[in-house]
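Trainee: I would like to learn how to read the features of a protein model, one at a time. Could we go through an example together, please?

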Amino acid sequence: MYIVFLIIAVFMLDVILYCEQLLKEEAALTFERLPFLLFTTLYPVLIGLVFALRTFIQTCVTKGSWTFDWLPFTVLGIPALLMDLIFLVYFYPVEIDIPLSFFAEYGSQASIICGLAFGYLALSCWKKKAAAAVLSL
């Protein structure tokens, strides 16, 4: 199972990096950077989802009722999503004024890390609660 998961992850990473290179070349030729920026903002979320997929499948197989752990999602997931998207917002005119020093210090690495964290949390916050045993007298 781990080897199959590793093969799928490596293949997916290869496809993602190939698509990123194509979009980067297209952005250089056409000066249309929105597809490239959207891709570079969203692919870490996709990779984070893949990292959490094995655990999520195990959760799906177990019996019980579905619950969602809101605490880590709101405390970690929503800020991670905002930090992932803020890199995209910087390049398009929006009413938010973001200092350039923020991106000079953190750059796209912060966006990648936050995208991975959000993608992982989006699936890992789903849990199954075991059904309570009914006692009969």
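This is a predicted model: local features need pLDDT of at least 70, side-chain atom pairs count only at pLDDT 80 or more; totals for chains, interfaces and linings use all residues.

Trainee: Where does L42 lie, then? And which residues make a nonpolar surface patch with L42?

Mentor: L42 belongs to helix α2, which covers residues 34-61. Together with L34 and L38, L42 makes a nonpolar surface patch of about 230 Å².

Trainee: Which residues form the largest nonpolar core?

Mentor: That core has twelve residues, namely A9, M12, I16, L23, A27, F36, L37, F39, Y43, I47, V50 and L88. The elements that contribute two or more residues to this core are α1, residues 2-30, and α2. Of these, α2 gives the most, with six residues.

Trainee: Let me turn to the aromatic rings. How many aromatic pairs does the structure hold?

Mentor: The structure holds eight aromatic pairs. In one of them, the rings of F68 and F73 have their centres 5.2 Å apart and their planes at 70°, and the pair is edge-to-face because the angle is over 60 degrees. Both of these residues, F68 and F73, are buried.

Trainee: What kind of pair do F73 and F118 form?

Mentor: The pair of F73 and F118 is tilted, with 5.9 Å from centre to centre and 45° between the planes. Since F73 lies in helix α3 (residues 70-90) and F118 in helix α5 (residues 107-124), this pair ties together parts that are 45 residues apart in sequence. F73 is buried, with a relative accessible area of 16%, and F118 also counts as buried, at 14% relative accessibility.

Trainee: Which residues do the ring pairs link into a cluster?

Mentor: The cluster linked by ring pairs consists of F56, W66, F68, W70, F73, F118 and W126.

Trainee: My last topic is the cysteines. How many disulfides are counted here?

Mentor: The general idea comes before the count. A disulfide is a covalent bond between the sulfur atoms of two cysteines. With the rule that the two sulfur atoms must lie within 2.5 Å, the count for this model comes to zero disulfides.

Trainee: Are C19 and C125 buried, exposed or partly exposed?

Mentor: C19 is partly exposed, with a relative accessible area of 29%, whereas C125 is buried, with a relative accessible area of 1%.

Technical notes. Residues are numbered from 1 along each chain as its sequence is written. Side-chain values use heavy atoms; hydrogens and water are left out. Buried means under 20% relative accessible area, exposed over 50%, partly exposed in between (1.4 Å probe, protein chains only). Patches are made of residues with over 30% relative accessible area and no salt bridge: like charges are joined within 9 Å, nonpolar side chains (Val, Leu, Ile, Met, Phe, Trp, Tyr) within 5 Å. Accessible areas come from the Shrake-Rupley method with a 1.4 Å probe; for residues, only the protein chains shown count as cover. A salt bridge is a side-chain nitrogen of Lys or Arg within 4 Å of a carboxyl oxygen of Asp or Glu. Helices (H or I, at least four residues) and strands (E, at least two) are DSSP runs, numbered from the N terminus. Rings of Phe, Tyr and Trp (its six-membered ring) pair if their centres lie within 6.5 Å; planes under 30 degrees apart count as stacked, over 60 as edge-to-face and the rest as tilted. A nonpolar core is a set of buried Ala, Val, Leu, Ile, Met, Phe, Trp, Tyr and Cys residues joined through side-chain atoms within 4.5 Å.
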